[in-house]
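Hi everyone, thanks for coming. Let me put today's model up on the screen, and then I'll walk you through a few spots in it.

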Amino acid sequence: MRLSLISLILCLGILIGQALFYYNGLPDIIASHFDAARWRDAWMSKNGFFAFEFAIIAILLLQFLGVPWLVGRLPIRWLNLPNRDFWFADERREGTLRTIRVYFEWFAVMMTVLFVAVNQLVFEANMNSRNLWSTGMWIILAVYLVAVCVWMIALVLRFRHPQR
């Protein structure tokens, strides 16, 4: 099994474990949104929050994990990939699709880690009746954006035309 898929399964297990750990300790109505000043400005039922959260994660995972499947079925002319004619030549097509699958699995890992980190701040704010820790949120977002930039650069570099 690929490391990217193992990592994704592990991160999803952490996300589910985190939800199970905090579920009973959260109030029945929880703050689900915080404004720029860290104040609570929207609330949901605990059950509604978790249902919404897992629905969003499921949709995002289907999207990220479905991209490689879709790429394998679309006409090459519809794909926007550097040097696509080279990479989708018959002798390289399967390897290219495998690489795209792995890259999108890693993207799903990054997204799942983002959800775990943000949920941690939201759960702590709700359990301790305090505002969201904004410094923590900025750190999480900065790390996520750097990771996405590294992911994009690595993807573009991976699909450069090889030197002949």
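Let me begin with how patches are built: they are made of residues with over 30% relative accessible area and no salt bridge, where like charges are joined within 9 Å and nonpolar side chains (Val, Leu, Ile, Met, Phe, Trp, Tyr) within 5 Å. Accessible areas come from the Shrake-Rupley method with a 1.4 Å probe, and for residues only the protein chains shown count as cover. A salt bridge here is a side-chain nitrogen of Lys or Arg within 4 Å of a carboxyl oxygen of Asp or Glu.

Two housekeeping notes. This is a predicted model, so local features need pLDDT of at least 70 and side-chain atom pairs count only at pLDDT 80 or more, while totals for chains, interfaces and linings use all residues. Residues are numbered from 1 along each chain as its sequence is written, and side-chain values use heavy atoms, leaving out hydrogens and water.

Now the patch itself. Met-1, Leu-3, Ile-6, Ile-9 and Trp-106 make a nonpolar surface patch of about 550 Å². Helix α1, residues 3-23, gives the most to it, with 3 residues. (Helices are DSSP runs of H or I, at least four residues; strands are runs of E, at least two; both are numbered from the N terminus.) Leu-3, in helix α1, is exposed at 58% relative accessible area; exposed means over 50%, buried under 20%, and partly exposed in between, with a 1.4 Å probe and protein chains only.

On to charges. How many salt bridges does a search of the whole structure find? The search finds 2. In one, Glu-105 meets Arg-2, with the closest N and O atoms 2.4 Å apart. Glu-105 lies in helix α4 (residues 93-127) and Arg-2 in the segment before α1, so the pair ties together parts 103 residues apart in sequence. Glu-105 counts as buried at 4%, while Arg-2 is partly exposed at 29%. Glu-91 also forms a salt bridge, with Arg-92, at 3.3 Å between the closest N and O atoms.

Finally, Phe-159, in the segment after α5 (134-158). Is Phe-159 buried or exposed? Phe-159 is buried, with a relative accessible area of 0%. Leaving aside neighbours within four places in sequence, Phe-159 is in contact (heavy atoms within 4.5 Å) with residues including Leu-81, Pro-82 and Trp-87. Phe-159 and Pro-82 sit 77 residues apart in sequence, yet 5.9 Å apart in space, C-alpha to C-alpha.
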